[in-house]
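Subject: The two-chain structure, handed over

Hello,

Here is the structure I promised to pass on to you. Have a look at it first, and then read on for what I found in it.

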Amino acid sequence: MRKLLSLVLVVFLFGCESASGHVHLFIYNMEDPYIEVLAEEIMELGSAHYGITLHDAQNSQIIQNEMIEEALGQNPRLLIINPVDRLGVYPIIEKAKAAGVPLIFINREPLARDLAISDQAFYVGARAEQSGILQAELVAQLFGGDPQALNMHDKNGDNIIQAIIFKGEQGHQDAELRTTYVVDELGRLGYRLDVLTTEIADWNREVAYLATPALVDAYGESVEVFMSNNDAMALGIIDALIELGYFADLDENLNVDQTSSTWMPVLGIDGIEQAVSRMQSGHLYATVLNDALAQAEATVELSKTILFGSILGDSGYELVDGRYVWVDYKKFVLDDEMPEN
Amino acid sequence: MFRRLSIGQGFFIAMMTVITATLVLANFMYVTYFNNATNDIISTSSREINKQVIMNYERYIDEVISTANYLARQTIELTEDGALDELETLYRQSAELSDDMSAAVLVGTDGGVLVSSDTRRASSGLETRSWFVNARRDRDIFHFSAPHIQDVFENGSVEVITVTKSVDYIDDGVVRQGVLVIDLTTVNLIGLAQKTNLGENGHILILNESSDFIYASSFQCNDATCESKTVVDDIILGGRSVVLDDDHMYVNVNTLKHTRWRIATFINVNTVVASRQELTYVQYGIFTGAIIVSLMLGIVLSNSITKPISTLKDHMSKVESGALAGEVVISGQKEITSLARTFNHMIADIKGLMERLVSEQKEKRKSEFLALQTQINPHFLYNTLDSIVWLAENNRNAEVIEMVIALSHFFRISISRGKNIISAEDELKHANHYLSIQKIRYNRTFDYSLSISPEVKGHTVVKLVLQPIIENAIHHGMISDHESGQIDIRAYVKEGRLVFEVENNGYGITEDKIKEIRGSMTQESKANGFGLRNVYQRLKLYYGEEADVIITSEVDEMTNVKLVMPLRKETEDEETA
């Protein structure tokens, strides 16, 4: 009788909490369109194999810490973390290790020495340098592919590419690497590049949109290409350029005329949905697909390996150094819209 | 389980079980809910404070980083143009504009100082400083050192935190990697910690990634052995309630963006805990009070139901033990009062029946008694008159006279004006007359004696009890064999009883015969021993258990019959029987 009573009480009091045994996905900010797609893909793919809960930290590490702390208290099976501050994850790894919970970090790579704290800490992501290299290749393609004889997009005909770079968050690993590698790779390919300025717009469309008019004011005559660390900022640049009278639709077919003198080449990285539609309308020249679907797939495949012992190699992904799964970037450009030399 | 309990107990137990269970449940749920709620309040408010602290630090660090980023950008641009003077001005301005930026220095790839906000002489061997090495190792992040005495210049004296970041600069058209060094005085860092009110003994610890102290706002805690540090090492990240030196604290450990630091806030929550305890006591008080009140209420209620029943029960058990005492008066529920009324009726009926039965028995006893008494007389009279006729025929006139006188006295006592109870002396006189008559009648073949104790005087007996015994003694004791029979009559008081003893020296009777006689005495059989049974039954009818007839005998020696009766004074019981 007493047992029954206490059972009833326990059920009554704790019946509402049943997140134990779940997989939890922590996202740094759902307002980041690329991350939103990635998160949705992981939720969809993951939910076929386990209960999964999404937590959005709204770009606050404090909030994310709290969410992770709470989740760790519910006896989770696995945490998938897209950290707000990739440098601050070492206590999370320590705490998860103490609780015996495996971790998969996605999209923002923790320091190698932090990951090394636990055997059960993994990373799924793309190599930022690869996106920079691919973006450089796309820029080369835009200018005709011959570094000695640039095409009409070399407006002043000096055979030097005058560029403005939009950089993500200062100090952000991806921002630094993408910026460094797009510059380095163009040099390696033999192009001469003149970076008119590097604008830091924190990955953010709005910030990029607000920064663009001043840059156009200063460099509007000379700039030949905008190279953005991501699509969101590229879209912000395009938003501003449209308002400033760029991107005229000469034949009024609702598609921008890339041969028009008002067309301005803008390149992004990520391949988010709005970027693709801007590409189809001719505004955006090209982007580098940070394949959210592939990353989500790799993440879920890795989680299955961790949880159920399935073999990761079967899904076409490879575990490098026992804890890294690298997903390739892909060049994304609409060939038929490409201007011929 | 409840069957052995009284109605009141059952009712009481059932009621108390329900009430107690309800109260316990309500109390338990309330206390649990209340505890959870206050725990939530403590944790939420502490977390808010912690967030505020972290956010203050974040803002501060963000400012430092944006300055550093600005300097890093300018470094590559201005070195490209070879405008080192301009860059130095920029460094100096940045250091001057910021309260707590002690110095901004660009260290070249070989460890030499390229640009400095300060004119002081740089130390040598900067390339071996840990902040330099770290910056070169992880090039894309900022490095925040632990507080130390400024070592980028010679003879440094202020305590600083060195922030470093690998930056690119152009040297003769070649991109090189240098290290941007920003020394921050610890003033602002400490100020930020002290700005927040964390309550008495509340404090802040800032730890780096190796869990070494960056800063501790508590004087008690400045080395790795202090309790707060142990708590933080255990929590790693997150919040928890702890008790430190009798203070209830809520500890939050959080990371500080960019720095790889953890900030732990120890917030004093004594007041909340104390008031929670107080409220919990009050709650338990109310609970106890409610239990007591319902206990008393339960007793009163169950009593009001069962008191009439138990009164009735008590009365019934009194009746059961034989006392048909008066009516039971019960006030209470309708069912019980009607039950009591019915019971009273029943008792009244039983009483009536019993009274009738008793009076009928009395009547019956009286008529039996009289019948027994009257059985004696004709028998004896016949024999005596027969003897007198025989004496007269033989002209033994003196004896006739003696006999007639004795007979006349005999009958006077026999009749005794209709009384059944006479004095012991009269009874003995009556025996004497009888013996003298019989002695004549039996030709003086026996002799007799009467010995009477003086204390016998003044007591009463049922009349005509001795005569049948004597008659037996004469008949069975001596008639045939013994020529010189002897009959002794004794009257005395022994152990509070009056004893009449009739003893003859006849041939006696066996033990078996005595048993047989006793058996016939107590039964209604008319087989033999008529006289004895008559006497016995009259004694029993009149005196009840207190009277007895005891027969003893020794074969060829004697037979003794004792009549034992209670002592009754002459005035006491004239009326009975």
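In chain B there is an open sheet of 5 strands, ordered E13-E15-E16-E18-E17, and its pairing is mixed. The edges are taken by strand E13 (446–452) and strand E17 (548–554) of chain B; each has a single partner strand, so one side of each is left without a neighbour in the sheet. From one strand to the next, the twist averages 15°. Please keep in mind throughout that this is a predicted model.

A handy pair to look for is Ile452(B), which has Ala491(B) of E15(B) opposite. Then bring helix H9 (residues 424–441) of chain B into view: H9 lies across E13, E15 and strand E16 (497–504) of chain B, and its direction is at about 170° to that of E13(B).

Elsewhere in chain B there is a hairpin, made by E7(B) and E8(B) with 5 residues between them. Its strands, E7 (residues 203–207) and E8 (residues 213–216) of chain B, are antiparallel and share 3 bridges. Ile206(B) has Tyr215(B) of E8(B) as its opposite number. In the turn, look for Ser211(B), whose phi is positive, at about 65°.

Now over to chain A, which has an open sheet too: 7 strands in the order E2-E1-E3-E4-E5-E12-E11, with mixed pairing. Here strand E2 (52–56) and strand E11 (319–320) of chain A are at the edges with a single partner strand each, so one side of each is left without a neighbour in the sheet. Within this sheet, strand E1 (residues 23–27) and strand E3 (residues 78–81) of chain A are parallel and paired over 4 bridges. Val23(A) has Leu78(A) in E3(A) as its bridge partner.

Helix H4 (residues 90–99) of chain A lies across E3, strand E4 (103–106) and strand E5 (121–125) of chain A, running at about 155° to E4(A).

How much area do chain B and chain A bury between them? The figure is about 2800 Å², with 56% of it on carbon and sulfur atoms. On the chain B side, Asp140(B), Leu237(B) and Arg260(B) supply 22% of the area that this chain buries against chain A, more than any other three residues. The contact involves 31 residues from chain B and 28 residues from chain A.

As for polar links across the contact, there are 12 residue pairs in polar contact between chain B and chain A (both at pLDDT 80 or more). The elements of chain B that give two or more residues to the side touching chain A are helix H1 (7–80), strand E9 (238–244), strand E10 (247–256) and strand E11 (261–268). H1(B) gives the most, with 11 residues. Sorted by class, that side of chain B has 11 nonpolar, 8 polar and 12 charged residues.

Side chains of opposite charge can pair when their charged atoms come close. Between chain B and chain A the count is 7 salt bridges, while over all chains it comes to 32. One joins Arg86(A) to Asp140(B), with the closest N and O atoms 3.4 Å apart. This pair reaches from the loop between E3 and H4 of chain A to the loop between helix H3 (130–137) and strand E3 (143–144) of chain B. Arg113(A) and Glu209(B) also meet in a salt bridge, at 3.5 Å from N to O.

Happy exploring, and best wishes

Methods. Residues are numbered from 1 along each chain as its sequence is written. Chains are lettered from A and ligands numbered from 1 in the order in which they are written. This is a predicted model: local features need pLDDT of at least 70, side-chain atom pairs count only at pLDDT 80 or more; totals for chains, interfaces and linings use all residues. Side-chain values use heavy atoms; hydrogens and water are left out. Two strands pair if DSSP finds at least two bridges between them. Axes are lines fitted to C-alpha atoms, for helices over the stretch in contact, and angles run from 0 to 180 degrees between N-to-C directions. Contact means heavy atoms within 4.5 Å. Buried area is the accessible area (1.4 Å probe) that two parts lose on being put together, summed over both. A salt bridge is a side-chain nitrogen of Lys or Arg within 4 Å of a carboxyl oxygen of Asp or Glu. A polar contact is a pair of N or O atoms within 3.5 Å; within protein, one must be able to donate a hydrogen and the other to accept it, and residues adjacent in sequence count only if both atoms are side-chain atoms. Ala, Val, Leu, Ile, Met, Phe, Trp, Tyr, Cys and Pro count as nonpolar, Asp, Glu, Lys and Arg as charged, and the others, Gly among them, as polar.
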